[in-house]
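Here are my notes on the model, point by point. Have the viewer open while you read.

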Amino acid sequence: MATKIPIPKLGQSEETVKIEKWRVKEGDTIKKGDILFEVETDKAVLEVESQFEGTLLKIVVPAGKEVPVMCTAAVIGNPGEALPAIDEIKAPATKTEASKAAAPTAAKTASAAPKVETQNAPAYKAPEPVFSTPAAKAKPSPRARNFAKDYLIDLNKITGTGGENGRVTEKDVRNYLESSGYLSKKITPAAFNVAQKEKLELLSIEASGENGRITLADVKAAAFEKPKELSTIRKVIAKRLTTSKQQIPHFYVTVSVDMSSIMEMRKRLKEEGINYSVNVFIIKAVAMALKEFPSLNSETDGNTIKNKSKINVGVAVSLDNGLVVPVVRNTDKKALDEIQDEVAELAEKARKGKLLPEEMKGGSFTISNMGMLGVENFVAIINPGESGILAVSSTIPTPVVKDGQIVIRDMMKITLSADHRAVDGSEGAKFVNSVKIKLEDKNFLLT
Amino acid sequence: MGNYYSDLVPDFKAQEIKFESIKAYHYNKSLKDELKAKKINKEEVQELYESMLVIREFEEMILKLRTGAYEIIKEYEYRGPTHLSIGQEATATGACSVMNITDLITSTHRGHGDSMAKGYHAIRRMTEKELKERCPEFADKKGDELLEAVLEDHVYRTIAELFGKEEGYGKGRGGGMHIADFRVGHLGANAIVGGGVPIATGAAMTCRLDHDKKGRVVCCFAGDGAYANGVVLESLNWASQDQFTSSMAETNFGLPIIYCIVNNHFGMTGRADGEVTGIDFLARRAAGFKNNNMHAEVVCGMDVMAVRDAILRAKKIIAEGKGPVLLELDTYRYYGHSLSDPRNEYRTKEEEERWKHIDPLITFRQAILDSGAFSEKEVAAIEKKVADRNARAARRAVDSPDPDPVDVIKYMYTDSFCNEVPEKYKKVHLVGKVPEVKRDSEGRVNYRDAIKEGIMEEMLRDNRVVLYGEDVSDYGGAFKLSKNMLEAFGRDRVFNTPISEACICGTAVGMAMTGYRPIAELMYMDFALMASDQISNQAAKWHYMTGASTKVPIVVRCSVGGGKGYGGQHSQSLESMFAHIPGTYVAYPSNPYDAKGLIKTAIRDDNPVVFVEGQLLYNVKGVVPKEEYLIPFGQANIIREGKDITFVVWGPAVADAMKAADELEKDGISVEIIDPRTLVPFDWETVFASVRKTGRCVAISQCVDIGSFTGEIVSQITAACFDQLDAPVLKVGAKNGIAPQAYTLEAAFLPSVKDMTDAAKKLI
């Protein structure tokens, strides 16, 4: 019997998902565990493996379409088998649109509160023709839109005069073409075609050609500069970090850590065939320091503070198209090698887009390490829901004064960003120094 | 013949009004005696028995089909009505056995028997040439073999229609309840109780007037239930009119029709006896319509010989010009109204047994054996022949093709048009001078006379065109449109009718089905609602329901009284209602020129036309050529060209729309006005082209706005021209209410010039 394959609900919060890419096509033979498609959630792009075997009979949800979770993505079964009935996919209603749509209706109902006719109330009253409420700008008329198709213009920029609400009519478009100087603009046919494809406005394209003619190069430049929509993941980053910067009063504390003994130890271990990244030591040190400073392992909304009993350190991993933060759970309870293995696995998964939503949830503190990128110092933005983030810079051989002598040591700057609502400056300072001490004392770390 | 002047002298002398007696069940001959007296021969006896057997075999097939017991087509699942006439066979056979091929019948929803019998006996009367004309596929057969093949074809086409097959009599469009075969004078079974009675009456009108059809008789079958129905009683009154036989008659001949009340005692379940009527015999109805009781008799409808005898005597009366005749055929329906009817809820088993005891087939079979005409063996052979023939036909019907779904609305309208009048109808008999239509010095004629001129031209062209309605003859019509036409064309072609709107339209359908081209006048369009069954269920549907085997070229002229302060029942513009009924055409001229051109087209078109006239337009003048011209249906008129907005408007609203356009012109808004002239067919392309040009449209009429045809126009424009619209399409009509009497109210009720300019300004 043919089986409907749903798009799994990959996290708790997703209501809608988008299949980024199909990895199989109709007619393909599918084995259990084969990757069917990639789904983009608001956290990451995930691969979905098949739980079923058979032939892929039909792809129901095409790539790129936003659909509700758990709707049927495809049908699998025996070749030639009849397809089961599939419910129509309803376009997911976004809350903002729904509330927008509801608002004028309510307003209209209120303003049109019926005068009560006690006599001769008509049993059958025809609705009055519904025009948009005067406040709302009328949409351009179908005729205007149809007419405008042949021109590189933005109808929203035209002032309408039609009907009672200023609908943009064909006449308005004609007037606009004349008054805006559109008609006097010159453009090569090839440039026009590309501009139309790219939905560019003619008036916004800078002309470089002979006699002010817009050339193909002009159009390409304009198309390049045209604002494009962010990917889902970038939108999420934008939203979260903006929230963080707007709502969390950050303060920053920087210390320099002498990493010489750790670097030495790493070298020695490497000779023994054991490979530890610098980050592993930092993660471990941070986890231990967090035990001492619980306010940095908390979350506040400005009214209440929530202490977290578990220390789950998130590790920022940079990807081509953004940033993800997989979480090492119970970090304080894990040994260096455990942390090393887990971080390596998570990072690998992250780079391949295979991270599960669960693996990115529940972090209590984040480390952002740019040590590999040759930076002297930087500050990070706190992940909302946490109280601090530690920015780790490159380890650089630096002349320092030690015991009254100038010596060259492997120095690394770490900068704590902390939420001032939950943490005070001195606390922050103590915390970074605690991390510093742990990193400089190799024995401490190895215990 | 002359004009009719009422000249009564009041005389209130005490007296007794006497009713003639009505005979019941007087036939008492035995078959043996009738054979001896040579009132019937052996061959006719066999024909009677065989005819009844064909019917019963057919009806029992339906019965068995429902239980899977009809072996030969056991697998076939019949869906459709099951109004069986088992028990009533003697009525159909007795009547049809003594009718000629060209004699006519109408029948009922329980009409399988009538249809079978009319065809069966007509075929038996056909010459070899006629048989071959009917079934050219049997050209190589002759004699009994040919007759047998054609009879089997008849059974086949009847069953095929019941099964909704393309080869059925109505190409599967009508089914058993609407079966008809015009080639043998079967004008149709009718699923509206009583609906066929005025049609039969109209057919009799044609037979009375058409010299070519003289001597034909119409036999109108209808049940006891129908004889409580208004249009049936209207028909009885219609048929009995003195003007057909009195000194004022031009053709002095009583209507050649036999009303056969097939009294099976149940109108669905309502009992004629002691429940839903107040009389013992339905034949008493006749006493109310004609002093001679319409020669009424009650006949035993279980005795085929008694029915046959009564019809033969009725035909004699009719041949003498003394029709109409009414016969009550007392019979019984063995099964319920349909097979889903649990008849034990309203009658006893004992009652059924008593009737089955005098079963028409069993008693006639016994009479045949008693008379010695045929032996038991011979009778059994007849029975087997009929059963085998029906079975073969049923098998063939099941296997025959279903209609193609793409043809779902094929046959709704006919394309045919009376381009050429048959020679015999070209000669028109005039009894006086044709009245002249007044033209002023500029050649202008008023709307009323433009219509009159159109009608008269058509009446001079074609003798089949007749005009009738209330007050149209001597008086010249309520609005004097037909003044002096009686004096020119005579009372056969211009005659008054009783105030019976349903019957006016129903008789027109019957006349049209039998070749005439009647113009029926309804004084006010509001009254068309009284005739809406005859216009909407009958006139509109018969071409389709019979698979295009008949045409109904009638014109129902009706005028709209709106704007005169006549109130709710004399002011309605109802054209939208009739435009909603598939099968009718609807025309509404807005000016004299169109009026003449359209009425002539309406008369020549072979489809039924609802022709709407505006009473307020009757005195509007316009140039109307004296010469003949026709305006094709479905061709809109661009009355005024414009570029900013299109008005689609018809009827009296056109004049207001013109004023509105003048007003708007002052504001620099240029209006294009399109008068569709006919709502069905509608000239969509002209309207679309205009809207594509202007980008804006208001549809205007005087119909009440809700449900008006203007809404259809808005919908079609929105679908076809959406991308060319600069504004929503609006409609303007009368208020959603009832036409008031008060001047102030009616002015507010009807759409005004301001309503039109306001609508236009909203869109600019």
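1. Let's start with Gln741(B). Leaving out residues up to four places away in sequence, Gln741(B) touches Gly565(B) and Gly567(B); contact here means C-beta atoms, placed from the backbone, within 7 Å of each other. You'll find Gln741(B) in the loop between β23 (730-734) and α24 (743-749) of chain B. Helices (H or I, at least four residues) and strands (E, at least two) are DSSP runs, numbered from the N terminus. Gln741(B) counts as partly exposed because 13 other C-beta atoms lie within 10 Å; buried takes 20 or more other C-beta atoms within 10 Å of the residue's own, exposed 12 or fewer, and partly exposed is in between, with C-beta atoms placed from the backbone.

2. Some housekeeping. This is a predicted model, so local features need pLDDT of at least 70 and side-chain atom pairs count only at pLDDT 80 or more, while totals for chains, interfaces and linings use all residues. Residues are numbered from 1 along each chain as its sequence is written, and chains are lettered from A and ligands numbered from 1 in the order in which they are written.

3. On to the domains. Chain B splits into domain 1 (23-405), domain 2 (423-623) and domain 3 (637-763), with bounds that come from an automatic or database domain assignment. The centres of domain 1 and domain 2 of chain B, taken over C-alpha atoms, are 34 Å apart. Their contact takes 34 residues from domain 1 of chain B and 30 residues from domain 2 of chain B. On the domain 1 side, the elements giving two or more residues are β3 (186-190), α7 (196-209) and α8 (230-239) of chain B. Of these, α7(B) gives the most, with nine residues. By class, that side of domain 1 of chain B has 15 nonpolar, 13 polar and six charged residues. For the classes, Ala, Val, Leu, Ile, Met, Phe, Trp, Tyr, Cys and Pro count as nonpolar, Asp, Glu, Lys and Arg as charged, and the others, Gly among them, as polar.

4. Now the cores. A nonpolar core is a set of buried Ala, Val, Leu, Ile, Met, Phe, Trp, Tyr and Cys residues joined through C-beta atoms within 7 Å. Which residues touch the most other members of the largest nonpolar core? Of its 225 residues, they are Cys220(B), Ile258(B), Cys260(B), Leu522(B), Val556(B) and Val698(B). Helix α2 (residues 42-65) of chain B supplies the largest share of this core, 11 residues. Apart from this core lies another, of 49 residues, including Ile283(A) and Met360(A). Back in chain B, the contacts of Val556(B), leaving aside neighbours within four places in sequence, are Cys505(B), Ala520(B), Leu522(B), Ala528(B), Ile535(B), Val610(B) and Phe611(B).

5. Take a look at the sheet in chain B. Seven strands form an open sheet in the order β1-β8-β9-β5-β4-β2-β3 (chain B), with parallel pairing; two strands pair if DSSP finds at least two bridges between them. β1 (23-24) and β3 of chain B stand at the edges with a single partner strand each, so one side of each has no neighbour in the sheet. Inside the sheet, three bridges join the parallel strands β2 (residues 104-108) and β4 (residues 218-223) of chain B. Leu104(B) stands opposite Val218(B) in β4(B).

6. A few backbone spots deserve a check. Most residues other than glycine have a negative phi, and most peptide bonds are trans. Here, a cis peptide bond joins Gly323(B) and Pro324(B), with omega about 0°, and another cis bond joins Val680(B) and Pro681(B), with omega about -5°. Lys38(B), not a glycine, has a positive phi of about 60°, and phi of Asn293(B) is near 60°.

7. Is Asn293(B) buried or exposed? Asn293(B) is buried, with 21 other C-beta atoms within 10 Å, and lies in the loop between β7 (270-271) and β8 (297-300) of chain B. Lys38(B) is exposed, with 7 other C-beta atoms within 10 Å, in the loop between α1 (31-36) and α2 of chain B.

Terms used:
Two residues are in contact if their C-beta atoms, placed from the backbone, lie within 7 Å.
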